[in-house]
Structure formats: C-alpha cells, structure tokens
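Thanks for coming. I will go through one chain today, starting with a detail and then stepping back to the whole.

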Amino acid sequence: MLTLFHSPLSSASRFVRLILGEYGVSTQLIEEHEWARRHEFLALNPAGHVPVLLDEYEVPLSGAFVIYEYLDETHGNLRQENKFFPENPLDRAEVRRLNDWFLNKFENEAARHIVRERVYKREMPLAIGGGAPNSQILRNARANILPHMNYLNWLCASRDWLVGSALSYADLAAAASVSVLDFLGEIDWDQSPAAKDWYMRMKSRPSFRSLLTDRIRGIVASPHYADLDF
C-alpha cells in the first residue's frame, strides 16, 4: 500500500489524492503540518513540504509534479484509453502549463495565503507566526481570486475540458485548487457560471468523494461544498 503525507487544504495534496482516486490506488493518508517541521518528515523531504508519497518500497517521492509524473508512468501508461495525458505533444504541454498555473500561480497568489491566515495560524505557535489573521494579506489574496476564476471560466466556456475533449491532469489540478477555496466559501460562483458547471462535473466523480468528506477542526465548510448540485 502507498502512503501519502498530505494536508487537507493543500492544493498539491488534493491533486495527488484525486489522481490516486482516479486510478483506484489504495493509499494510507497521514496528515502533516508543514509548520511543525517534524524531524521524521524532514528526513523524507528536507524541503518540508507536502505532498510526499511513499511507494511500495517506502521510497519517498516529493512534490505534486514529481508524484503525478510517477503515477502516470506506473499507472496511467497501463491504460489503453481514458489517459490523463493527451496523445498530442502540444496538448501534453498545455496540460503541464495549466498544472503549473493552478498549483503554483493560483496557489501562490491566492489560496496559500488564505489558508494560512484563516486556518494554519489558528494552530501555529506565536513564535513561528501563529495568531490572528492579517486582514491586509487576506484582502490582497481575495482580490486575486476573481482574475483567476475569470480565466478558469473562459477556459471552461471555450473547451469541453480544460485541454481537449477529455479529462486530463489539468482538470484534476484546477479542481484541486478551486476546491480548497470552495471549502472555505471564498468563491462567488455566480460570477463564473461556466466554471461552476465544469466544477459540478468534477465534484460528481467518485475520486472527489474523499475530498468532499474532509473535515477541518474549528472550520465549517461552505454550505454547498459537499453538494454535487450546489
């Protein structure tokens, strides 16, 4: 059995969980607080970031991009159809571009700051930055959500899926990122109707079920978070 060190509100962790769910891979989940800097976890990944996947031989694979390429080579390539990497090289490049957009750009401009201020700082010691949320950081991060959602809405309105006519890793990466902010009630779906329809399709996939049942101590998920029809 594989083991995944993750954080429930980490977009990268959710991306890997969705892939594992799509491939039907039995996985033990271990929640990890990056800010705790546990020695045992740092021994697996000196960078101290989730996700980290232990393979069957307990070899650690660190980072969403490394992990999803590994899972594609060990599971995706075995599929005769419904692969998450398109056959066309340009489409594969577009998948990688959008993965980077949502897991890095969207994460670093919006999601990461909101999660840290609203969730992580509640549990972090004061000595390492815990305490009350910084309202200016929250305002700046929230201001960045709409441009990203406008872009996602445009993608969803102009394409069947984010890349081509079939589900790809780009859809899983985008859905993972969006789901974090949706959990916290930070997205105004009325302004992104095409993205809302796409996200409803993503939430209806069996791989999404474990994400929809996530619970965070002291945080109540948005009322529609687990509702497949909003």
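**Aromatic pairs and the overall fold**

Let me start in helix α4, where phenylalanine 102 and phenylalanine 106 both sit, four residues apart, or about one turn of the helix. Please keep in mind that this is a predicted model. The two rings form an aromatic pair, with 6.2 Å from centre to centre and 80° between the planes. That angle is over 60°, the cut-off for edge-to-face, so the pair gets that label. Are these two residues buried or exposed? Phenylalanine 102 is buried, and phenylalanine 106 is buried as well.

Now a second pair, tyrosine 23 and phenylalanine 84. Their ring centres are 5.5 Å apart and the planes meet at 35°, so this pair is tilted. Where in the chain do the two partners lie? Tyrosine 23 belongs to helix α1, residues 11-23. Phenylalanine 84 is in the loop between α3, residues 64-74, and α4, residues 89-123. The partners are 61 residues apart, and the pair links distant parts of the chain. Both tyrosine 23 and phenylalanine 84 are buried.

Tyrosine 23 and phenylalanine 84 also turn up in a cluster held together by ring pairs. How many aromatic pairs does a search of the whole structure find? The number is 17.

Next, the chain as a whole. Its secondary structure consists of eight helices and four strands. In sequence order the pattern is β-α-β-α-β-β-α-α-α-α-α-α. If you want to follow along on the display, that pattern begins with a strand and ends with a helix.

On dimensions, the C-alpha trace spans about 50 × 45 × 30 Å along its principal axes. The radius of gyration is 17 Å, and a compact globule of 230 residues would have one near 17 Å, so the two agree.

What share of the contacts with a separation of 6 or more comes from residues 24 or more positions apart? It is 69% in this chain. As for burial, 47% of the 230 residues are buried.

Definitions and conventions:
Residues numbered from 1 in each chain as written. Predicted model: local features only at pLDDT ≥ 70, side-chain atom pairs only at ≥ 80, totals over all residues. Heavy atoms only, no water. Helix = DSSP H or I, 4+ residues; strand = E, 2+ residues; numbered from the N terminus. Rg over C-alpha atoms; globule rule 2.2 N^0.38 Å. Buried < 20%, exposed > 50% of the residue type's maximum accessible area, 1.4 Å probe, protein only. Contact = heavy atoms within 4.5 Å. Phe/Tyr/Trp six-rings, centres within 6.5 Å; stacked < 30°, edge-to-face > 60°.
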